[in-house]
Amino acid sequence: MIAFLASAAANPPPSQGAQQAIGYPTLFLLVVLGSLVPVVPTGALVSGAAVVAFHQTEPVALAVVFGVASLAAFLGDVALYWLGLRGVRSRGGSRVLHRLQDRVDDRTLARSQRQLDQHGAAVLVLSRLIPAGRLPVMVACLLAEMPLRRFVRGDVVACLAWAASYQLIGIVGGSLFPEPWQGVALAVGLTFAIAAGPALVRRLRRPPQEAPGAGHP
């Protein structure tokens, strides 16, 4: 999808309608997939799509990107949570929950559980805006057996805020350069840098390990 956005930005098709007919459904499907399987860089997709939309002549293009991205993220979140909650309440356990837990370290999960106890469903909004924050909070909600209806209410706001934030990155990138592909490159680079930030901070804060045999005569 990122390669498609860069290609579309560098070589726009004769008809913007043709580009939209391909790009919007692709964006929708990949954001849904990224919500279900957290390996797709959905933030970068939304930012790149926003750059392309920013350089289009149709004024509703940005609004459509925002609507498609937020709806796709919401449907993916709800589907994943429904699968996990269904497994939690079954006798055989939840494979979805176990797979999600395997992707979250114990310290982050404990912090997410404390935040959930203090702030309730409102923590879903913050979890969507913090890189790598969505899964720990979702696992905490599943372990607490938060009802699906309550999760939905919090996740609606979270997905709208998430789509708006990454679209803003795309708008900034699109406004800084005359060529759309340059804005796409900047927006994608920024989203990857933001995503890598928490991991880099954790690595810098990690105490250095002693060399084998250190401290022994």
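The residues lining the second largest cavity comprise three nonpolar, one polar and four charged; in this classification Ala, Val, Leu, Ile, Met, Phe, Trp, Tyr, Cys and Pro count as nonpolar, Asp, Glu, Lys and Arg as charged, and the others, Gly among them, as polar. The model is predicted, so to speak of local features requires pLDDT of at least 70 and side-chain atom pairs count only at pLDDT 80 or more, whereas totals for chains, interfaces and linings use all residues. Residues are numbered from 1 along each chain as its sequence is written, and side-chain values use heavy atoms, with hydrogens and water left out.

**First stop: the cavity**

Select D77, L124, S127, R128, R134, M138, F151 and D155, which line the second largest cavity. On a 1 Å grid over the protein atoms alone, a cavity is a set of points where a 1.4 Å probe fits but cannot get out, a pocket is an open set with protein on both sides within 12 Å along at least five of seven lines, and lining residues have an atom within 4 Å of a point. The volume of this second largest cavity is about 30 Å³, a volume being the space filled by probe spheres set on grid points joined across faces, edges and corners. Two cavities of 30 Å³ or more are found in a search of the whole structure.

Next, colour α7 (123–129), α8 (134–143) and α9 (148–176), each of which supplies at least two residues of this lining. Helices (H or I, at least four residues) and strands (E, at least two) are DSSP runs, numbered from the N terminus. The most is given by α7, with three residues.

**Second stop: S127**

Centre on S127, in helix α7. S127 is buried, at a relative accessible area of 5% (buried is under 20%, exposed over 50%, partly exposed in between, with a 1.4 Å probe and protein chains only). Leaving aside residues up to four places away in sequence, S127 touches G133, R134 and V137, contact meaning heavy atoms within 4.5 Å.

Display helix α4 (residues 61–88) with helix α5 (residues 95–102): they pack at an angle of about 115 degrees, their axes 7 Å apart. To view the contact, select L80, L83, G84 and V88 of α4 together with V96, L97 and L100 of α5. This contact has six nonpolar, one polar and no charged residues.

**Last stop: the pocket**

Finally, select L36, P38, L80, V96, R99, L100 and R103, the lining of the second largest pocket. Its volume is about 150 Å³. Helix α5 gives the most to this lining, with three residues.

Definitions and conventions. Axes are lines fitted to C-alpha atoms, for helices over the stretch in contact, and angles run from 0 to 180 degrees between N-to-C directions.
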